[in-house]
Amino acid sequence: MRTPSLTLSPPTPTPVPPSLSLTRRNLLLTLSLSIPCAHLSVTSPSHSRGLFRMPPPRLVNRYFLVRSGESTFERAGVIRTNPVSKTSVDSGLSVDGLRQTARAALELKRLGACEDDCWIWPSITQRSYQAAEIIASVNEVNHIRIVPEYSFLDARGLGSFEGRGLATLSEVYASDKISADIKPPAINDGTPNESVADVFVRVTQLMSILETQYFGDTVIIVSPDSDNLSILQAGLIGLDLRRHSSLYFSPGEVRLVDPASIPEYKQPASAVFRCVNPPSCK
């Protein structure tokens, strides 16, 4: 007798409602809902120290801006901004540069810059670091408080002006007054050609680091050139960046950044410098 075969059909899967399907999105949503809200905190952007903008509504530290003394290249009247040469002996202080830096160190002491200790942030460029060591010695600052900066304080790269006479800087500044976005002509030897806007980005990043890393401290910024400092100061006071050269720093010059003395920005009479959003003006 033949036994009839029994065919079993697989059970029909019960459909899962779309709202219960296990997708990455739903899984993350489920996990997020399981976190008690009491443990979540929201920090207002206005209270975040890491968000730095120019001009700043406030500064949490006290700052001194110092241009290092004259370099050997500058003594010879030559523009040298290629980063490759920044640690060379010829990028170091000249005899006059040593005197200028010593006067700067004494001026900082007179101003009481390091009475309650301070941090010194020099460019790694030879003359800037030499200046930092002189400042530390005169003001009796421990050497561990010298913090070398490797890129944000490099001298402004002037492209094809590299190797030309210092007198040609007037051509660079004439272009700066037209637009903060104009770059010096490029050159193929590796020298950067930076606009005012390029330098502004660098110094703003530096200030963001300093304002985040320190609180209630004194910081001495030592730059190998004037443009880093004049562009930084223009940003801090809300001055049209195209006018940064009016804040030119001489070798060995010292300036205190005093928020209380920052004047309210006023539009200049000339339409050439009219600006609705200083310091970023187009």
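Reader: Let's begin with two helices. What is the handedness of the crossing of helix 3 and helix 4?
Author: The crossing of helix 3 and helix 4 is right-handed. A crossing is left-handed if the near helix is turned anticlockwise from the far one by less than a right angle, and right-handed if clockwise. Helices here are DSSP runs of H or I with at least four residues, strands are runs of E with at least two, and both are numbered from the N terminus. Before going on, note that this is a predicted model, where local features need pLDDT of at least 70 and side-chain atom pairs count only at pLDDT 80 or more, while totals for chains, interfaces and linings use all residues. Residues are numbered from 1 along each chain as its sequence is written, and side-chain values use heavy atoms, with hydrogens and water left out.

Reader: Which residues in helix 3 and helix 4 meet?
Author: From helix 3, L98, T101, A102, A105, L106, L108 and K109; from helix 4, A131, I134, I135 and V138. These residues divide into nine nonpolar, one polar and one charged. Nonpolar covers Ala, Val, Leu, Ile, Met, Phe, Trp, Tyr, Cys and Pro, charged covers Asp, Glu, Lys and Arg, and the others, Gly among them, are polar. Contact means heavy atoms within 4.5 Å.

Reader: And helix 6 with helix 7, at what angle do they pack?
Author: Their angle is about 75° and their axes are 9 Å apart, with helix 7 at residues 226-237. That makes helix 6 roughly perpendicular to helix 7. V196, V199, F200, R202, V203 and M207 in helix 6 meet D227, N228, I231, L232, G235 and L236 in helix 7. The contact has eight nonpolar, two polar and two charged residues.

Reader: Stepping back, how many helices and strands does the protein have?
Author: Seven helices and four strands. From the N terminus on, they run α-β-α-α-β-α-α-α-β-α-β.

Reader: How much of the protein is buried?
Author: Buried residues make up 44% of the 282 residues. Buried means under 20% relative accessible area, exposed over 50%, and partly exposed in between, using a 1.4 Å probe and protein chains only. Of the contacts with a separation of 6 or more, 77% are between residues 24 or more positions apart.

Reader: New topic. How many aromatic pairs does a search of the whole structure find?
Author: Two. W119 and Y214 are stacked, at 5.1 Å centre to centre and 25° between the planes. That pair links distant parts of the chain, 95 residues apart: W119 is in strand 2 (residues 119-122) and Y214 in the loop between helix 6 (196-213) and strand 3 (218-223). The rings of W121 and Y214 have centres 6.3 Å apart and planes at 85°, so this pair is edge-to-face. Rings of Phe, Tyr and Trp (its six-membered ring) pair if their centres lie within 6.5 Å; planes under 30 degrees apart count as stacked, over 60 as edge-to-face and the rest as tilted.

Reader: So which residues form the cluster?
Author: Ring pairs link W119, W121 and Y214. Y214 is buried, with a relative accessible area of 5%, and W121 is buried, also at 5%.

Reader: What about L158, buried or exposed?
Author: Buried, at 4% relative accessibility. L158 is in the loop between helix 4 and helix 5 (169-178). Not counting residues up to four places away in sequence, L158 touches I79, T81, L169, V172, P184, P185, T191 and P192.

Note on methods
Axes fitted to C-alpha atoms, helices over the stretch in contact; angles between N-to-C directions. Parallel < 35°, antiparallel > 145°, perpendicular 65-115°, else oblique.
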